[in-house]
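Welcome! Let's walk through this structure together, one part at a time.

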Amino acid sequence: MTPLGRLLARRIAAEGPLPVAAVMAEALAHEAHGYYQVREPFGAAGDFITAPEISQMFGELLGLWLGAVWQSMGSPARVILGEFGPGRGTLMADARRALARVPGFPLHAPVHLVETSPRLRALQIETIRAPVVHHDTTDGLPSDAPLLLLANEFFDALPIRQAVFTGEAFHERMVGLDRDDGLIFGLAPEPLSPHLLPPHEAPEDGAVLEWSPASIAIAAELGRRLAAQGGTLLAIDYGAAHRGFADTLQAVSRHRYAEILTTLGEADLTAHVNFAHLAAAATAQGARAFGPVTQGDLFRGLGIDLRARRLAASQPAARDQIYAAHHRLTAPDQMGSLFKALALCGAATPTPPVFDAI
Ligand SMILES: C[S@@+](CC[C@H](N)C(=O)[O-])C[C@H]1O[C@@H](n2cnc3c(N)ncnc32)[C@H](O)[C@@H]1O
């Protein structure tokens, strides 16, 4: 058991079983042992590689997408450029480099980053090399200008609740103790009240329902702000376009799946994103939702084929690496199909590029 596992086992012995969401929150953000507080997860030597770390093309093309949305809104003099969960800051650094080529884009304004890890905040300041304002939550974002926001692999890191259908009702999945005081998954004895559950189809025995109250709350707050302030949030993450029942909670360590309860705090713990839940929460507040479209379709629509050819022509020594990155980002058996993009927009913000063509 990890140090965090031992800490949670003591807490469970004293207080009783914990919901999956509480365990996931501690595993990722516990101030002493949480994964993002202590580990360097990114890159070949870390636990996983995210798209911005694979190639500069990812951030550059998303920067141009934001620039096109900005132009479609009439090129407002003031915008709030920002990102949720920026990791090492690579995506924003690449996006800003591309935005510098969009005539008149107000790049002098500070970048707004929603990030909880102090260690990653310091890295982001180093990478982005521009004035940065960090926020703990969405609430801190300014409310006096249109929003231009990115979120790559952010929502998958927010805690989920799980409920299992036992033939009569849904029971919340909990983490308790086995006879040897090891951590074990189980079900709450009392059924969950149906009004606490998200909309779902008729379940079969054993069906697992997942939802992320934290993600839904952020999408609702963004929907409210986008409706009032205008602009867009582009969220890219992994998940099915139409979700049924599934247990998607997964731990990843050193580029491999790991056992969840024996690696708490030492492996990345995520779940597939339910795009329909995010879209419903935002549109209920007056925003519009587009997609999800696959990452492959989004980047082909943004011209990644041409960008890769140009980049390869200017850096012949890196040619193979550039085409390998292009393949990894767009091929259906790589990140091209599993990863999807959802655009949330203000009611008066025009339908964003690529989403208007798919
Ligand atoms: C999987 S990483 C993705 C990093 C980056 N977007 C990328 O693509 O490389 C998740 C990021 O979200 C941050 N994060 C996790 N939970 C958060 C929360 N509740 N609020 C703000 N940031 C959070 C992490 O610290 C990290 O920066």
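This is a predicted model: local features need pLDDT of at least 70, side-chain atom pairs count only at pLDDT 80 or more; totals for chains, interfaces and linings use all residues.

Where the two domains meet, seven residues of domain 1 are in contact with five residues of domain 2. On the domain 1 side of this meeting place you will find two nonpolar, two polar and three charged residues.

Next, turn to helix α8, which covers residues 213–229. How far apart are its end C-alpha atoms? They are 24 Å apart, and this agrees with expectation, because 17 residues at 1.5 Å a residue should span 24 Å. Several residues of α8 are buried, among them Ser215, Ile218, Leu222 and Arg225. An α-helix has 3.6 residues a turn, so residues three or four places apart point the same way. The cover over the buried residues of α8 includes the strands β5 (147–152), β9 (208–211), β10 (231–238) and β15 (339–345), along with the helix α9 (275–283). Just past the end of α8 comes Gly230, with a positive phi of about 80°.

Finally, have a look at the ligand. It is surrounded by 19 residues, and the closest are Tyr36, Thr50, Gly85, Gly87 and Asn152. Sorted by class, the shell around the ligand holds 10 nonpolar residues, six polar ones and three charged ones.

How values were computed. Residues are numbered from 1 along each chain as its sequence is written. A residue is near a molecule or strand if its C-beta atom, placed from the backbone, lies within 6 Å of it. Ala, Val, Leu, Ile, Met, Phe, Trp, Tyr, Cys and Pro count as nonpolar, Asp, Glu, Lys and Arg as charged, and the others, Gly among them, as polar. Helices (H or I, at least four residues) and strands (E, at least two) are DSSP runs, numbered from the N terminus. The expected span of a helix is 1.5 Å times one less than its number of residues. A residue is buried if 20 or more other C-beta atoms lie within 10 Å of its own, exposed if 12 or fewer, and partly exposed in between; C-beta atoms are placed from the backbone.
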